[in-house]
Amino acid sequence: MLIINEKYRDLEGWITSVPDIFPTSGEVIYKARNEIRRIEHDGMAFCVKRYHKPRFPNNFIYSFFREPKAIRAYRNAELLEREGFYTPEAVACILFGRPLGFSYLISVCSPLSRRFYEFRDHGIEGYEDLLDLLGAMAGRMNDQGILHKDFSPGNILFDRVDDDWKIELVDINRMFFGQVSMERGCRNLARLWGDERLIERVARAYARQRHFDEEQCVAISTSAWKRFWRHHHK
């Protein structure tokens, strides 16, 4: 199965070759259960993510009952773009076989070079407006019925573009669509790294965006954040 963004239809020949050239092409930028490579073609840089072959019973579930992760990530990228949120532009996705084998998502590489992992090692001084932007963005997404279920530092890219902060979301196959309550929205901030001032700053911006009580949002978010990281460290 092949899905191609019409904007990139002229690259169909190269796109269909990706599964064959993937193991030996480009630069590995992430490798674990899934693998991501940066591959250049026709003067452009693409990020190609190869999803591992699901094991039974997931290979059966993804083959017949549930959309595979590559398709969900592709569709979610289209949706986020339509709703005015930033994520690397989806180019194509490729699926193989029943039961499902490897699957591939091809995206335009993001120009943003930084991730929120940075806040593990430094405070928030000088980044207050970035954290306000992150909280407001999360609130606006939730207002529009969109919740990123893995809202964690590795999935939030940022950098300055033309003297303004810009944020992009990645790894977007796991998302919830529907009404997002204050409780759920605030608890979804729990995976962010940094000290308690960071989570408080983001939670206050989130509350202002959604017209919630700031102190209540801070209390919910910091409690969920402390609980998550206690469990993580154990």
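**Exercise 1.** Which residues does Glu168 touch, not counting residues up to four places away in sequence?

*Solution.* The model is predicted, so that local features need pLDDT of at least 70 and side-chain atom pairs count only at pLDDT 80 or more, while totals for chains, interfaces and linings use all residues. Residues are numbered from 1 along each chain as its sequence is written, and side-chain values use heavy atoms, with hydrogens and water left out. With contact taken as heavy atoms within 4.5 Å, Glu168 touches Tyr86, Thr87, Pro88, Ser110, Pro111, Leu112, Asn155, Ile156 and Leu157. To place the residue, note that Glu168 is found in strand β10, residues 164–169, where strands (E, at least two residues) and helices (H or I, at least four) are DSSP runs numbered from the N terminus.

**Exercise 2.** Decide whether Glu168 is buried or exposed, and find the side chain that a polar contact joins to that of Glu168.

*Solution.* Buried means under 20% relative accessible area, exposed over 50%, and partly exposed in between, with a 1.4 Å probe and protein chains only; at 5%, Glu168 is therefore buried. A polar contact is a pair of N or O atoms within 3.5 Å, where within protein one must be able to donate a hydrogen and the other to accept it, and residues adjacent in sequence count only if both atoms are side-chain atoms. Such a contact, of 2.7 Å, joins the side chains of Glu168 and Ser110.

**Exercise 3.** Work out the strand order of the open sheet that contains β10, and name its edge strands.

*Solution.* Two strands pair if DSSP finds at least two bridges between them. The order of the three strands is β7-β9-β10, with antiparallel pairing. At the edges stand β7 (114–115) and β10, each with a single partner strand, so one side of each has no neighbour in the sheet. Two bridges join β7 to β9 (residues 156–161), and Arg114 stands opposite Phe158 in β9. Helix α4 (residues 128–143) lies across β9 and β10 and runs at about 45° to β10, the angle being taken from 0 to 180 degrees between N-to-C directions of axes fitted to C-alpha atoms, for helices over the stretch in contact.
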